[in-house]
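Thanks for coming. I will take one model and walk through it region by region.

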Amino acid sequence: MATESWFLKSKYNLVLVVMIQFLSVVGLAQQPRVVPGEYLVKFKKQTNSVNVIGKISGKASLKAAFPDMNMFHFSVKEDQQSTVTELQNDPDVEFVEPNYIMDKISEQTPGEVMEVLSESDVTAQSSTYYTQSYANVKVEQAWGIMSAVGAASKTVVAIIDTGLDKTHRVFNNTGAMWVNSREIPNNNLDDDMNGYIDDVSGWNFITNSANFADDEGHGTHVGGIVVGASLDIFSSSLDQSRIQVMPLKFLDANGSGSTSNAIKAMYYAVNMGAKVINCSWGGPSYSKSLLDAISYAYDHQALVISAAGNNSKNNDASDMYPANYDVPGNLSVAATTDADGLASFSNYGGQRVHLASPGVYIYSTLPGGYYGSMSGTSMAAPFVAGMAALAMREAPNLTGYQVKQLAMATAQTFGNLSGKVLSAARINAYNLIANAKSNVSTLASQPSYSPKYQDDRGVASAGSSSGGGAGCGLVSTALTQIPRGGSPGASAGAVIFLISLPVLLWWALRQRKPKNQRRHDRFMMDTDIRIKVGDRELVAHMNTISMGGASFNADAALDKGGEVSMKIKGPDGQEIEIAGRIVWNEQNKAYGVQFSNAKEGVLSSIQDWTSKLVKSAS
Ligand code: CA
């Protein structure tokens, strides 16, 4: 059977990929992987397109143009390498970089066959397998309060991955496939004139065709997790989906793809209306053009969800992209076990990784009508993508950035995630949807952002393939870091046991805090502020603001009761100065300030800002 041969093939591919990755870890890891002879070039804004074509034509073959970004994708033959140097030295050129290769981010234990179940196996199980059900993420409770099918429009989630089996019952019978209504199927014309012929429900950027069938399995699994955020995909009678998926294939049968195709997929997703874009892939190479593409998504208020990676590494100190791009609308996700501990393979980072989500032995859809389990931050990210899509469906005004803030603020904190992810928390589906519903009338808002590129790190040498690949981390997985046999939850369970006492104490202390002291709604405002304490001036990071006060984190010990003066810049760019007194302080140098004697004009500025900010969960 075709499906069985797909499965066997994927097993052998897996063994092959693991072997290749092992070899790369042993010997070749320091070289960035690139598509030979291919580059991305960005021209400075003022360069007109005629000049640009003139600079490239005759020297290199143009493969794609991104006119909105002044960016071009081209290839050169081996004897034309001087073209790359010429472009690098051209004052009209912003940057030239190699076309890096990136990989899917999922794991199986080496030698272990993931469990594969048929439709009848699954539906006979009466829903015991459904996505993320083993963790206490409160999916069913979220379903209990979400708007009915038809009462709100479906949010579109782009799945930039290995493709998708659209014939699987989960996508085929639930209305979960995105439909490009301006494109007439199979008429061999580009009806909507977007540059893609017959792109009715997605696109394959490798073959440049409308056939995005999944020849690897990863994308179908990720897609099932996204749809599974809005319905029980294992039920014998499937509900209608509240989410639509837009499959954009750029990873091949081995789970690898080029940066240029990832960028094309990102632009396609944004231009065709996706509000959430899932990236369960990545690599150690810093690409300015991919950063530009994610900024483009941010400019269009979309939310990008990026898997943090499976190398057990600290992303604050190592390279992992797109997860590490500091675009405010990029949300990096770590993976947790069924015991809500960080998965042993998961990357982490108290600054650069934002939120945790279940990612060990996650059951979802596989090509050919099958279901099966996979592990990885690849599986953690799409659950956040799906829940974010549901939140946007409840509060369609919100920007992707606001939904990111809401997802972090409503997540459930765990002591063992403190310092591992910025929010110290694992997603809580019910809290997220409930809070989205209370932010229905919140206006769209997000901070301004323009990409600041990291310093050039030897593009020329990478281009001539003689360089040392400076700053390059290991490629994908290291074998010893993957949980072996048994239950990966066991070791995490032991950790939970050891830390449970301090957590309980912390909870008890929290409970003692007087309640209902707050008279004003608090709103999330993620911005740096300047604080004056006596004759000291320091920079702090503000978390929330209300008409009565603010909370912030400062890297300094401040006394409770102390007087401070704060300078705060609002979303409208206006800066206010306001005095206050520190009324509480918590672990991690978090402080609460009560405003004292605020002037009328200052308060009206705050009121104006809060109409555009997301209400804080607690
Ligand atoms: Ca088209």
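First, the ground rules. This is a predicted model, in which local features need pLDDT of at least 70 and side-chain atom pairs count only at pLDDT 80 or more, while totals for chains, interfaces and linings use all residues. Residues are numbered from 1 along each chain as its sequence is written, and side-chain values use heavy atoms, with hydrogens and water left out.

On confidence: pLDDT is the predictor's confidence in each residue, from 0 to 100. The protein chain averages 81, and 79% of the residues score at least 70. A contact here means heavy atoms within 4.5 Å. Where pLDDT is low, the predicted coordinates should not be read in detail.

The chain has 15 helices and 24 strands. These are DSSP runs numbered from the N terminus, with helices being H or I of at least four residues and strands E of at least two. Of the 618 residues, 55% count as buried. Buried means under 20% relative accessible area, exposed over 50%, and partly exposed in between, with a 1.4 Å probe and protein chains only. Among contacts between residues at least 6 apart in sequence, 75% join residues at least 24 apart.

Now the calcium ion. Which residues supply its protein donors? They are Glu183 (OE), Asp190 (OD), Asp192 (OD), Asn194 (OD1), Tyr196 (O) and Asp199 (OD), at 2.2 to 2.4 Å from the ion. Donors are N, O and S atoms within 2.8 Å of the metal, or 3.2 Å for Na, K and Ca; water is not among the atoms, so sites may look incomplete. Along the chain the donor residues follow the spacing E-x6-D-x1-D-x1-N-x1-Y-x2-D.

The site is irregular, with angles of 71 to 161 degrees among its six donor atoms. For reference, four donors count as tetrahedral if all angles lie between 85 and 135 degrees; four count as square planar and six as octahedral if opposite donors are over 155 degrees apart and all others between 65 and 115; anything else is irregular.

Tyrosine 196 takes us to the aromatics. Trp178, Tyr196, Trp203, Phe205 and Tyr268 form one aromatic cluster. Rings of Phe, Tyr and Trp (its six-membered ring) pair if their centres lie within 6.5 Å; planes under 30 degrees apart count as stacked, over 60 as edge-to-face and the rest as tilted. By this rule there are 17 aromatic pairs. In one of them, tyrosine 196 and phenylalanine 205 have ring centres 5.7 Å apart and planes at 75 degrees, so the pair is edge-to-face. Tyrosine 196 is buried at 17%, and phenylalanine 205 at 5%.

Tyrosine 298 and tyrosine 449 have ring centres 6.2 Å apart and planes at 90 degrees, so this pair is edge-to-face too. Tyrosine 298 is in helix H9 and tyrosine 449 in the loop between helix H12 and helix H13, 151 residues apart. Both tyrosines are buried.

Next, the enclosed helices. In helix H7, residues 218-228, eleven of the eleven residues are buried, so the helix is largely enclosed by the rest of the structure. Helix H11, residues 400-410, has ten of its eleven residues buried, so it is also largely enclosed.

In helix H12 we find isoleucine 433, buried at 0% relative accessibility. Leaving out residues up to four places away in sequence, isoleucine 433 touches Ala142, Ile145, Met146, Met387, Leu390, Ala391 and Glu394.

Last, the backbone. Tyrosine 321 and proline 322 are joined by a cis peptide bond, with omega about 10 degrees. Proline 322 sits in the loop between strand S12 and strand S13. Serine 312 is in that loop between S12 and S13 as well, and has a positive phi of about 55 degrees although it is not a glycine.

That is the end of the walk-through.
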